[in-house]
Amino acid sequence: MELFWHRRDLRVADNVGLAAATGAGAGTDDDTDRGPAAAVFVFDPDVLDHASDVRVRRLLDGLAALRDDYRERGSDLLVARGDPETVLPRLADVLDAEREAHHDAVLHDPDAIRTNAGDPYSVYSYYWKKWTDRAKDDPRPAPTAEGLVDADALAAAVGSEARADGGDPVDRVAVGDLPTPADLGFAEPDAAVGPAGTAAARERLDGFLDEAVFAYEAERDYPASESTSRLSAFLRYGEIGVREAYAATADAMSEAGSDARSDDAPEQVEEFQQQLAWREFYTQVLFHNPEVVTENYKAYEEGIEWRDDPEEIAAWKRGETGYPIVDAGMRQLREKAFMHNRVRMIVASFLTKDLLADWRHGYDHFREKLADHDTANDNGGWQWAASTGTDAQPYFRIFNPMTQGERYDPDAEYIKEHVPELRDLDPDLIHEWHELSPTQRANAAPDYPAPIVDHSERREAALAMYKRARGEDPEE
Ligand SMILES: Cc1cc2nc3c(=O)[nH]c(=O)nc-3n(C[C@H](O)[C@H](O)[C@H](O)COP(=O)(O)OP(=O)(O)OC[C@H]3O[C@@H](n4cnc5c(N)ncnc54)[C@H](O)[C@@H]3O)c2cc1C
């Protein structure tokens, strides 16, 4: 018997380790006569220490969908609590099971793509060239019932031994019995975390590849158009395999080349593949530089003297900065546990370069609120915006939050969806909010705040802050 440990791969299909453990990899490198396998998920208190209400809810939803996928195959999911280093060997003993490790989360593991000099990449465009030229593995087949330990046998094995042999109750193993958030010390989140599981992920991917992907490059920056895949949480929890997702884009690309779609359809699909590659780029940045979770990737000579005003940071978190596109993004985050990519860039630039607040405040807030929070991508995004990352935004490129709003949400549709105080306003007034007089603001939208900072002043202050950090004279 094999024991398979699910971590960030809450799926049975296109799962490298599970295919190997169940003997489902017939015809591939994993072609073995192994199995049957029992699958386990372990609630690790050390990991839960860093979790949030949103992510615990999302995780439990993903686990419920995974458990159903096992039940459909006559098996079940073992659910354990405790330190995996204690729980897993004990469970492996009880089940008399084998253990081994596989790479699964990315198409190219973090050591696979290096510069010609053998170093990890720190510039995305060069990484992408190698990434896109490399052959990609095919999706792995899902196990059949024969490859899995059936539910009765699981219950008998863990029921009679692992469960009854006492010890610390957190080490206990249950068959298919998922805890509630409260059991784990968390509350139900206020935000809607969205659907979970492989079936929902596939539906989302298929819908996206049917239509939206062919206008992806043209539309992806417009938050109101909802033209991106919304796959991030599914990829984060591994509810869809990245080989499966990539193969589907490759099919879409060949279809695009062969029918009457617009001439640039392949480029549109490639732009989407580029985002999958960003995910792998940041994964390898984190793998080779684990200190970036708390430290700047790019060290400044003198250190950055962040202003870190607690009231300004709190207004940013509440979505009450008086900059409509920023507030819309922060409220989307609070209500939907998600934020559109362009708006993530805008709010991150606003926090670091208008409020002059350390990117770590923003990263911590995103980590708490985002359903798709992924250490590598979140950190990469924040360090990009703060000009401290790998191929970061240069420090002197400072987004103007008003012109960003006007360019990417011209009709203020996205803003109005998330900022009800501005719903009845003409878009032009919304985009001129910072220029209106107090009386004009009071007449137009009395409940919406005035800008908490002056963008032009703060832009100058940010340039001076970065110049000092670079050891340069801020007056020059
Ligand atoms: C400050 C900041 C924080 C971010 N935090 C996260 C995070 O915690 N988790 C996360 O998955 N993404 C994060 N991103 C990247 C990006 O915003 C989201 O992946 C994207 O908005 C998710 O929507 P989607 O699935 O519709 O994306 P699509 O545009 O459809 O992209 C497809 C997939 O590619 C990956 N991807 C897309 N853009 C990026 C990117 N810039 N970097 C890395 N991977 C990318 C994601 O897995 C995404 O699901 C962050 C970006 C910024 C600027």
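**Close-up 1. D14 in the loop between strand 1 and helix 1 of the predicted model.** Strand 1 covers residues 2-6, and helix 1 covers 16-22. D14 sits in the loop that links these two elements. D14 is not a glycine, yet its phi is positive, at about 50°. Is D14 buried or exposed? D14 is buried, because its relative accessibility is 0% and the cut-off for buried is under 20%.

**Close-up 2. D308 in the loop between helix 11 and helix 12.** Helix 11 spans 265-288 and helix 12 spans 310-318. D308 belongs to the loop between them. Here too the phi is positive: D308 has a value of about 55° without being a glycine. D308 has a relative accessible area of 29% and therefore counts as partly exposed; that class runs between the 20% and 50% limits.

**Close-up 3. H340 in the loop between helix 13 and helix 14.** Helix 13 is made of residues 324-336, and helix 14 of residues 341-354. H340 lies in the loop between the two helices. H340 is buried, because its relative accessibility is 4%.

**Close-up 4. Surroundings of the H340 side chain.** Which backbone atom lies 3.1 Å from a polar atom of the H340 side chain? That atom is the backbone nitrogen of R342.

Definitions and conventions: Residues numbered from 1 in each chain as written. Predicted model: local features only at pLDDT ≥ 70, side-chain atom pairs only at ≥ 80, totals over all residues. Heavy atoms only, no water. Helix = DSSP H or I, 4+ residues; strand = E, 2+ residues; numbered from the N terminus. Buried < 20%, exposed > 50% of the residue type's maximum accessible area, 1.4 Å probe, protein only. Polar contact = N/O pair within 3.5 Å; in protein donor to acceptor, adjacent residues only side chain to side chain. Contact = heavy atoms within 4.5 Å.
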